[in-house]
Amino acid sequence: MFYKQAKAFPDGFLWGASTSSYQVEGAWNADGKCPSVQDLHEPPAGITDFKVASDHYHHMEEDVELMAELGLKAYRFSVSWSRVIPDGAGKVNEAGLAFYGRLVDALVAHDIVPVATMFHFDLPLALHENGGWAERATIDAFERYARVLFERLGDRVKHWLTINEQNVMVIHPGAMNPGRVPDQPELYQQSHNMFVASAKATLLLHEMWPDAKIGPAPNITAIYPASCDPRDVIAADNWEAIRCWNYLDVACFGHYNPLAWAYMEEKGCAPRIEPGDMELLAKAKPDYLGCNYYATATVAAAKNDGHDRAPRAGDQQVMLGEEGVYRGAENSSLTKTEYGWIIDAVGLRTTLRRIAGRYGLPILITENGLGAKDVLETDGIVHDPYRIDYLRRHFEQAQLAITDGVDLIGYCPWSFMDLVSTHQGYGKRYGFVYIDRGEEELGSLARIPKDSFRWYKGVIRSNGAEM
Ligand code: BG6
């Protein structure tokens with residue numbers, strides 16, 4: 001549909017930026033922090049681990065000053081559970097908690113809304129060694145961790161996100177399960193326990209801070225059928241339900257998505273549900289939805305001939321197919337990043353419209369961005385016109401989604417500053433701020449705003465009128 005004029009971004013729109021603790025903080029064993037599963041990560045030769053990352057832990061004040069200079073209205077960060085409660089379930093580490101207290105104070109002092117993710121891929125190692133999310137004890141530990149965070153930060157943090165990309169942790173579990181990748185029944189049990197843990201945190205926040213908001217932050221994307229062959233349409237529907245809607249249906253409606261449940265039964269991985277779980281899930285209602293969006297995917301019907309899964313490597317945005325479920329297909333209308341991720345700005349609009357249509361809740365884009373091999377030029381500047389172009393196109397589609405009636409409350413691109421990618425090291429940069437370090441050599445760790453920083457500053461200042 002053509003509109004005479006797109007609606008303006010609403011007043012108070014949360015122009016933001018995102019990071020996650022283990023990818024940005026470094027200081028992996030400072031001030032009482034114990035390891036998380038990510039600290040066991042053994043990268044391939046030539047790729048960095050997460051031990052120093054962008055050393056945000058030691059540059060926090062300077063980084064928040066830069067956020068203020070950029071004009072950010074919101075900053076989405078995650079709290080490292082093993083910094084706050086080193087073994088996940090035991091004693092609170094005051095020094096670790098104090099870091100987040102200082103961060104939140106600095107943000108609030110600059111009128112930047114803190115958006116705190118409680119768990120972003122970095123389970124405390126001690127919990128992992130005791131069975132991790134497959135164990136009900138981890139639900140209790142999470143509820144207690146939630147209580148500590150709400151007690152100590154809840155007066156200033158009014159936007160919470162429970163779990164980052166629960167769906168990615170089920171579908172691409174390698175990076176979160178060092179030593180052993182669990183089988184599907186265990187992964188779906190982990191997921192069920194995460195649903196219950198999120199529901200408990202949601203109810204707790206509503207009881208303790210009725211003025212605060214909380215929601216999940218899954219990785220959601222529209223899935224296209226490879227053709228108008230009705231069998232391709234069924235495959236796309238199925239995969240969208242299994243990969244995406246299941247995670248929002250449980251969070252918002254309190255029940256499993258029927259297509260996803262049929263899949264779990266067929267695969268023998270339907271989780272064990274304890275008495276009282278479904279009542280709890282039905283009671284805990286999110287106030288808003290986070291959405292991490294990077295790329296759409298296109299799928300065709302499975303043939304169930306032993307070749308539905310492509311024999312190449314993939315990751316969280318590359319749909320490789322699953323035997324008897326779907327086949328990954330190419331989409332000739334779209335291009336890809338140098339890391340093989342599809343670029344589909346219109347797909348963001350489609351995704352937002354689908355979420356809004358299903359759940360009718362406000363949406364915050366909690367991640368979206370372009371990973372690239374940025375270069376610090378001899379003039380001391382990082383010219384990243386490709387990132388500006390990528391974000392501009394996505395912002396335009398977000399504005400059209402608002403015009404379509406989507407209640408979009410903010411947009412937090414990934415990432416505020418360069419950080420360590422989940423599995424492709426420091427070479428794959430996303431930030432508005434370049435960090436002077438290499439893959440293995442640490443460099444000066446100086447913070448250098450990129451061209452995209454100056455461009456985004458203008459976007460924020462004009463509330464999206466100047467892109
Ligand atoms: C999301 C994660 O899947 O994508 C982030 O929530 C991650 O943690 C981001 O960094 C980009 O992915 P990658 O693999 O390039 O780091």
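Predicted model: local features only at pLDDT ≥ 70, side-chain atom pairs only at ≥ 80, totals over all residues.
**Helix α9**
I went back along the helix itself, residues 230–253. With 24 residues, a straight helix would reach 34 Å at 1.5 Å a residue, but I found the end C-alpha atoms only 28 Å apart. Next I checked for a bend, and there is a kink of about 55° centred on Trp-245. At the start of α9, I noted a side-chain oxygen of Asp-229 within 2.8 Å of the backbone nitrogen of Arg-231. The helix is mostly covered, with 17 of its 24 residues buried.

**Strand β7**
I then turned to residues 289–292. Leu-289 and Cys-291 are buried on one side, and Gly-290 and Asn-292 are buried on the other. I see β7 pairing with β12 (residues 363–367) in the parallel sense, over four bridges. Cys-291 has Ile-365 as its bridge partner there.

**Aromatic rings**
I count 32 aromatic pairs. I picked out Trp-81 and Phe-119: their ring centres are 6.1 Å apart and their planes at 85°, so the pair is edge-to-face. Trp-81 is in helix α3 and Phe-119 in strand β3, so this pair ties together parts 38 residues apart in sequence. Phe-432 and Tyr-456 are stacked instead, at 4.6 Å centre to centre with 15° between the planes. Both belong to a cluster linked by ring pairs, whose members include Phe-9, Trp-15 and Trp-455.

**Lys-428**
Last, I looked at Lys-428. Its charged end sits over the ring of Trp-341, 4.0 Å from the centre. Lys-428 also lies over the face of Tyr-339, at 4.9 Å from that ring centre.

Definitions and conventions:
Residues numbered from 1 in each chain as written. Heavy atoms only, no water. Buried < 20%, exposed > 50% of the residue type's maximum accessible area, 1.4 Å probe, protein only. Helix = DSSP H or I, 4+ residues; strand = E, 2+ residues; numbered from the N terminus. Pairing = 2+ DSSP bridges. Expected span 1.5 Å × (residues − 1). Bend = angle between axes of the 7 residues up to and from the residue. Polar contact = N/O pair within 3.5 Å; in protein donor to acceptor, adjacent residues only side chain to side chain. Phe/Tyr/Trp six-rings, centres within 6.5 Å; stacked < 30°, edge-to-face > 60°. Lys NZ or Arg CZ within 6 Å of the ring centre and 35° of its normal.
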